[in-house]
Amino acid sequence: MTEMTQRQKYDLKRTIEELKHCKGRHTELISLYIPPSKQIFDVVSYLKNELSESQNIKSKTTRKNVLSAIESIMSRLKSFKQSPENGLIFFVGHKSIGSDQTEMVQFVIEPPLMIHTFLYRCDSEFYLEPLEDMLSEKEIYGLLLIDRRECTIGILRGNRVELLKYMTSQVPGKHGKGGQSQRRFERLTEIAAHEWFQKAADKASDIFLEHEELKGIFVGGPGPTKQYFVDEEYLHYEVQEKIIDTFDTGYTDEFGLRELVSAAAETRTNLKISKEKKLMKRFLKEVTKTDNSLSVYGEKQVRKALEMGAVDIVLLSENLRRYRVKLVCPTCNYSEYKTLKEEDLEDFEPSNCPKCKTPTQLELEEKIDLIDEMSDLAEKTSAEVEIISLGSEEGDSLFSAFNGIAGILRYPLNFE
Ligand SMILES: [Zn+2]
């Protein structure tokens, strides 16, 4: 497998965030990457060696912590006859939890993409680079806007538009004073325009050549100038070769970058951003309908619709950062579900049981990321899930205007 599902990407991203938070008090956090080609018994003998080397660690607590981390990995490895399809990763060690206290953490990850290199590292933080590389965006396009007055250079990374350079020209307007000097004026203007195009092209070439990974370049601007610029091959030939198409935009500034991406997404429907834009447009169109609207939004409503099997597509903002928790009364077994924000969870104060009224407090029994929970719920009725990141117009509006949770229904519902 070379492609991850949205869900896998999301889960990996969250795991990385969690791992990043773990800090050791000393060099006592172990990261171990095992590629599928590596025999488990080879890994075990490698660890045995590390175990005896670690006896020499001077600090007593560090030594104790490192030894117990290695032993813990060795014992977990026993349950694997061979490395899984994509390999195996261990992150084990004592993380600091403040005031000289530590807590043992153990992550065993079967990565969604294959690991190629064996790696053992003991440090005060986990080594995450190979995991982060799996997440790095592969859909990268260059964006170039040009007319006689402005040039904007940017990059489309997945769904995100980045502005890299904005330049303005000194080219005078097309119309001079008229009369005898008109031809001379025009000639000077053309020279100035040529110089401007060359200057903009040089800058764009420099920037785009630095991004070898560009899958292509979209060029935009108002009127015929951009096409002239492309046809005259102002850009470096390697950059020139990457031009996919030109598009009409009203602007040549930062706003124009978004116009260009929208225009490209319309025609190039295999672009990642195209699907997102299409779905959000469909949703927004439904929102404005007063009768038989197929839109639903807000966690409560979407959840209800999902439980009814009425949802076709769920749209979830990647930045929700919420958890679904199950609270249970230890006395009478009463239970309830709640959705909490990440920060609410950190200083969570459980309430008294509403059923048995004994002054026992509800206990937190389960905790699951809301996106995972909603995705599971969607799966039960074969609703499609689209996880939408911030950084695009659509993603931002889902997050800010609809609380990050929305859906397109299979049939209209009445929630009154
Ligand atoms: Zn109770």
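Contact here means heavy atoms within 4.5 Å. The model is predicted.

**Around Glu336**

Glu336 sits in strand 13, which spans residues 335–341. Leaving aside residues up to four places away in sequence, Glu336 touches Val325, Lys326, Leu327, Pro354 and Leu362. Its side chain also makes a polar contact with the side chain of Tyr334, at 2.6 Å. The relative accessible area of Glu336 is 19%, so this residue is buried. The cut-off for buried is under 20%.

Cys356 reaches 25%, so it counts as partly exposed.

| Residue | Relative accessibility | Class |
|---|---|---|
| Cys356 | 25% | partly exposed |
| Glu336 | 19% | buried |
| Glu259 | 25% | partly exposed |

**The cavity**

A search of the whole structure turns up 1 cavity of 30 Å³ or more. The largest cavity holds about 50 Å³ of space. Its lining consists of Val161, Arg258, Val261, Ser262, Ile273, Lys277, Gly391, Ser392 and Glu393. Which helices each supply at least two residues of that lining? They are helix 8 (254–267) and helix 9 (272–288). Helix 8 gives the most, with 3 residues.

**Glu259 in helix 8**

Helix 8 also carries Glu259. At 25% relative accessibility, Glu259 counts as partly exposed. Not counting residues up to four places away in sequence, Glu259 touches Thr249, Gly250 and Tyr251. With Gly250 there is a polar approach: the backbone nitrogen of Gly250 lies 3.0 Å from a polar atom of the Glu259 side chain. Leu315 is 56 residues from Glu259 along the chain. The C-alpha atoms of Glu259 and Leu315 are separated by 23 Å.

Definitions and conventions. Residues numbered from 1 in each chain as written. Predicted model: local features only at pLDDT ≥ 70, side-chain atom pairs only at ≥ 80, totals over all residues. Heavy atoms only, no water. Buried < 20%, exposed > 50% of the residue type's maximum accessible area, 1.4 Å probe, protein only. Helix = DSSP H or I, 4+ residues; strand = E, 2+ residues; numbered from the N terminus. Polar contact = N/O pair within 3.5 Å; in protein donor to acceptor, adjacent residues only side chain to side chain. 1 Å grid on protein atoms, 1.4 Å probe; cavity = no way out; pocket = protein on both sides within 12 Å on 5 of 7 lines; lining within 4 Å. Points joined across faces, edges and corners; volume = space filled by probe spheres on them.
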